[in-house]
Structures are given as structure tokens and as C-alpha cells.
Amino acid sequence: MKFESAEELKLAILSAAERLEKREVFDKLISLIKLSSFSIIPKKSPQPQSRASARGSEDELEGTAYIKATSYGTYHVRFYESFIERYLKTDEDCLFIMLHELEHLRQGDHHRVGLTAGPGDHQLLNIVADILINSRLCQQFFPRGVPFFDTFYSPSSSAKRGGQPNASD
């Protein structure tokens, strides 16, 4: 998919949310999305890994999507342009990723990162959290699955080869 702006991405997510069969979730989800700010981070040329944080460096996050809570009780959702172009083929894919990221916040996964023992722990915790989140979202909202999985876990994807394009932070 190609979006001309972050607002267009937000509208695609809202459109997909309107088609959810579970209407009780709809109002809360729409409110969260409307309160969130969105940005699309343009592609950049590969750079050597620089500053590291509890979440990893920004360079490690290239090609993914993630969400951060703001001090104002809202959210900032970042989608990398390369991630959108490579893995998100429908507005349902975009909604799935948005829900996935909201689940990380709801579960407190971002707070647990600082409690890990070693440098590889964040990646391992994130993979486990991703599996649980994806399973729960598919059971609740996407019983037929989402096209995202066909693309993300295709034989040509680096995820299949043991690399780490990751659907979330």
C-alpha cells in the first residue's frame, strides 16, 4: 500500500475499524485512533547502529511500526514507509497492526523492557508478546486471518529466514 500522508493511513485504519463485526469494541477503538497522532517515517539509507536505548536504536526499528503513549494520555503511532510498502497490503492489515500496537501498551510490554537481564531479552520478550497478541487478535477480530501474515511470513520474507522484520516495536 502507498499512503500520501499519515492522515490517509489513519483514515484507512478507521475505515477498516468500521467494518469490525464486534461493535462493542468499535467506539472505544475509534476514540483511541482519533486521539492518536500518526506519522510515516520515510525510508532512509542504512546507517551504522548508533545510540542504544531500552527499546533498541531507531536504526533497529527501521521497517516496523510502533506506538508510544504521550504524557497527555494520547498515543503517537509510527509506521515506517518501508514496512507499509513491504507488508501492509490492505486497510485491514493497517488496522491489525494498530490493534497489535495498542495491545503492547495495554499489556505493559513497554514497561517490562527495562526489567530484562540482557541485551537479547527485549527481542525475545517481544517475539513471545507478538505471538500471544497476534493469536488473541485473530481469535477476537480476524478469524479468517489477515493478508499481512501471508506477506510477512512468506518464504521470501526475512522473518521466515530468521531475520527480524517485526510487526511491532
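In this predicted model, helix α4 passes helix α6 in a right-handed crossing. Helix α4 covers residues 91-107 and helix α6 covers residues 121-140, and their axes come within 10 Å of each other while crossing at roughly 120°. That angle makes α4 oblique to α6, because angles of 65 to 115 degrees count as roughly perpendicular and only those over 145 as roughly antiparallel.

The residues that build this crossing can be followed from both sides. From α4 come Phe96, Leu99, His100, Glu103, His104, Arg106 and Gln107, and they meet Asn126, Ala129, Asp130, Ile133, Asn134, Arg136, Leu137 and Cys138 in α6. Sorted by class, the contact of α4 with α6 has six nonpolar, five polar and four charged residues.

Two of the residues named in this contact, Glu103 and Arg136, also form a salt bridge, in which the closest N and O atoms are 3.2 Å apart. The pair links distant parts of the chain, since Glu103 belongs to helix α4 and Arg136 to helix α6, 33 residues apart.

Side chains of opposite charge can pair when their charged atoms come close. The count of salt bridges in the model comes to four, and another of them brings together the side chains of Lys2 and Glu81, with a distance of 3.1 Å from N to O. Here too the pair links distant parts of the chain, with Lys2 in the segment before α1 (6-18) and Glu81 in helix α3 (residues 81-87), 79 residues apart. Lys2 counts as partly exposed at 49% relative accessibility, and Glu81 is partly exposed as well, with a relative accessible area of 21%.

Helix α3 also holds Glu85, whose side chain meets that of Lys43 in a salt bridge of 2.6 Å, N to O. Lys43 lies in the loop between β1 (37-41) and β2 (65-69), so the pair ties together parts that are 42 residues apart in sequence. At 48% relative accessibility Lys43 counts as partly exposed, and Glu85 falls into the partly exposed class at 25%.

These last two pairs can be considered together, as Lys2, Lys43, Glu81 and Glu85 are linked in a network of salt bridges.

Notes:
Residues numbered from 1 in each chain as written. Predicted model: local features only at pLDDT ≥ 70, side-chain atom pairs only at ≥ 80, totals over all residues. Heavy atoms only, no water. Axes fitted to C-alpha atoms, helices over the stretch in contact; angles between N-to-C directions. Helix = DSSP H or I, 4+ residues; strand = E, 2+ residues; numbered from the N terminus. Parallel < 35°, antiparallel > 145°, perpendicular 65-115°, else oblique. Left-handed = near helix turned anticlockwise from the far one by under 90°. Contact = heavy atoms within 4.5 Å. Nonpolar A, V, L, I, M, F, W, Y, C, P; charged D, E, K, R; others polar. Buried < 20%, exposed > 50% of the residue type's maximum accessible area, 1.4 Å probe, protein only.
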